[in-house]
Amino acid sequence: MAQVRAWFSGLRLVNIAIIIFGTIIFAFGIIHFNLQNGLAHGGFTGITLLGYYLFAIEPSISNLILNVPLFLIGYKLLGRKVLMYSIIGTLSLSAWLHFFETYWNVAVPLQEDMTLVALFAGVFAGAGLGIIFRAGGTTGGVDILARLAEKYFGISLGTFMFMFDSFVITSSLIHLSLPQAMYTLVTVFVAAKVIDFIIEGANAGKSAMIISDKSDEIGDAIIERMARGSTVITGRGSFTKGERNILYCVINRNQLVHLRTIVNDVDPYAFFSVHDVREVTGEGFTYDKNNKPIGMSNS
């Protein structure tokens, strides 16, 4: 019992609940959009669907058959916490796949519009997996294989996953028609974008670099009108050879228009460039339990 408790120590109930919620969304989409309309998918999910189409093997069963050996092989690569969350995610996914296929397989009448089917299949898959990933879990499968390939063969995670997904979707042509395979590609693409949005979108932002002779005035205006700070970097122009101050400022996406207005008001000739920021944490962006930005005055 002590060893069992040690394995589960450090796991958070809220993370487990989030992972289970994510598997519900994922399983619902797989059964009601992919399976009902003959679409495949990437990763091990695509293999489970192909097994269903060719041999009538329930996805819930094949999901377990494929993943359990991988957990035994790759547990050292994942670490105890991620492994436990992943096992929970895999078991929960199989349970919900069985539930939706056997007990609540509601017809979704979209067979006449496969574009909508592909889009919704991607949204549900991406939302479910994104929620699972944000909670620290996985659904096993390709993630473990990719880590093994990186460790022993030097293949990057992204390259391996792309190769594996391409192989699975190409193999699905054994059963799928060419249009179905193409709709599957749309599903996988949409799912990837939704995953990125859920994992990174919540904390994404914009960064701006501002080069101006009035950098001090612009910096003061940003503080006064936006309650944002900026960092002053000293640079030298390659043409004029003169030194100038460069302002580097990170903001929320919805503040970009406000920042651009401030810069134009102070110096319409300022050089102003904007870049996407994948994730922003820290002072002014991370919030405490009272929903106040940490490091900033709460008065």
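This is a predicted model: local features need pLDDT of at least 70, side-chain atom pairs count only at pLDDT 80 or more; totals for chains, interfaces and linings use all residues.
At 60% relative accessibility, A56 counts as exposed (over 50% relative accessible area, against under 20% for buried and partly exposed in between, with a 1.4 Å probe and protein chains only). Residues are numbered from 1 along each chain as its sequence is written, and side-chain values use heavy atoms, with hydrogens and water left out.

**Overall architecture**

- The chain contains eleven helices and four strands, taken as DSSP runs (H or I of at least four residues for helices, E of at least two for strands) and numbered from the N terminus.
- Of its 299 residues, 43% count as buried.
- Contacts (heavy atoms within 4.5 Å) between residues at least 6 apart in sequence join residues at least 24 apart in 73% of cases.
- The chain exposes about 16,500 Å², of which carbon and sulfur atoms supply 63%; the area comes from the Shrake-Rupley method with a 1.4 Å probe.

**Backbone at two alanines**

- A56 lies in the loop between α3 and α4, and its phi is positive, near 60 degrees, although the residue is not glycine.
- A227 is placed in the loop between α10 (215-226) and β2 (231-236) and has a positive phi of about 55 degrees.
- A227 counts as partly exposed, at 48% relative accessibility.
- Most residues other than glycine have a negative phi.

**Nonpolar cores**

- The largest nonpolar core has 24 residues, and L11, F26 and L97 have the most contacts inside it; such a core is a set of buried Ala, Val, Leu, Ile, Met, Phe, Trp, Tyr and Cys residues joined through side-chain atoms within 4.5 Å.
- At least two residues of this core come from each of α2 (13-35), α3 (43-55), α5 (80-102), α6 (114-134) and α9 (178-200).
- Helix α2 gives the most to this core, with seven residues.
- Not counting residues up to four places away in sequence, L11 touches I16, K81, M84, Y85 and I88.
- A second, separate core of 15 residues includes A221, I222, M226 and L259.

**Surroundings of E101**

- E101 is located in helix α5 and counts as buried because its relative accessibility is 16%.
- Beyond its neighbours within four places in sequence, E101 is in contact with I31, Y52, E58 and P59.
- The C-alpha atoms of E101 and P59 are separated by 8.9 Å, with the two residues 42 apart along the chain.

**Largest pocket**

- The largest pocket has a volume of about 840 Å³.
- Of its 35 lining residues, L129, F133, M161, D165 and I195 are the closest to the centre.
- A pocket is an open set of points on a 1 Å grid over the protein atoms alone, with protein on both sides within 12 Å along at least five of seven lines; a cavity is a set where a 1.4 Å probe fits but cannot get out, and lining residues have an atom within 4 Å of a point.
- Grid points are joined across faces, edges and corners, and volume is the space filled by probe spheres set on them.
- The pocket lining divides into 17 nonpolar, 14 polar and four charged residues; Ala, Val, Leu, Ile, Met, Phe, Trp, Tyr, Cys and Pro count as nonpolar, Asp, Glu, Lys and Arg as charged, and the others, Gly among them, as polar.

**Cavity**

- The count comes to one cavity of 30 Å³ or more, and the largest cavity holds about 50 Å³ of space.
- Its lining consists of F26, I30, T45, T48, N63, L93 and L97, with α2, α3 and α5 each giving two or more residues.
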